[in-house]
Amino acid sequence: MLKVIFYTKEVCSLCDDAKALLLMLEREYPFELEERDIYTNDEWLEKYQLLIPFVKINDVTLDCEQVNIDSLEQALKQNV
């Protein structure tokens, strides 16, 4: 099954919106969603703190500027 890694943090409205989009798309493109709170790992915090929400679908990565319904659906289609 396809695995989607979702870098997030608590109290992040953009992250909440991105997660809602992912959950909506999960119905059409089944995948396993792995949420990673950047505050639980120093490496993630350093790498993603200015980019969250950050989504990784195989080799496709989408940062906060790129996460939207169209880009997420395209990335899922490419990897299903």
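1. E34 is partly exposed, at 21% relative accessibility, where buried means under 20% relative accessible area, exposed over 50%, and partly exposed in between (1.4 Å probe, protein chains only). This is a predicted model, in which local features need pLDDT of at least 70 and side-chain atom pairs count only at pLDDT 80 or more, while totals for chains, interfaces and linings use all residues. Residues are numbered from 1 along each chain as its sequence is written, and side-chain values use heavy atoms, with hydrogens and water left out.

2. Across the whole structure, three salt bridges are found, each defined as a side-chain nitrogen of Lys or Arg within 4 Å of a carboxyl oxygen of Asp or Glu.

3. One of them joins the side chains of E34 and K3, at 2.6 Å from N to O. Because E34 belongs to strand β2 (residues 32-37) and K3 to strand β1 (residues 3-8), this pair ties together parts that are 31 residues apart in sequence; helices (H or I, at least four residues) and strands (E, at least two) are DSSP runs, numbered from the N terminus. K3 is partly exposed, with a relative accessible area of 35%.

4. E34 also forms a salt bridge with R36, again through the side chains, at 2.6 Å from N to O. R36 is buried, at 17% relative accessible area, and K3, E34 and R36 are linked in a network of salt bridges.

5. A further salt bridge brings together the side chains of K19 and E35, at 2.7 Å from N to O. This pair links distant parts of the chain, with K19 in helix α1 (residues 13-26) and E35 in strand β2, 16 residues apart. K19 is partly exposed at 28% relative accessibility, and E35 is partly exposed at 39%.
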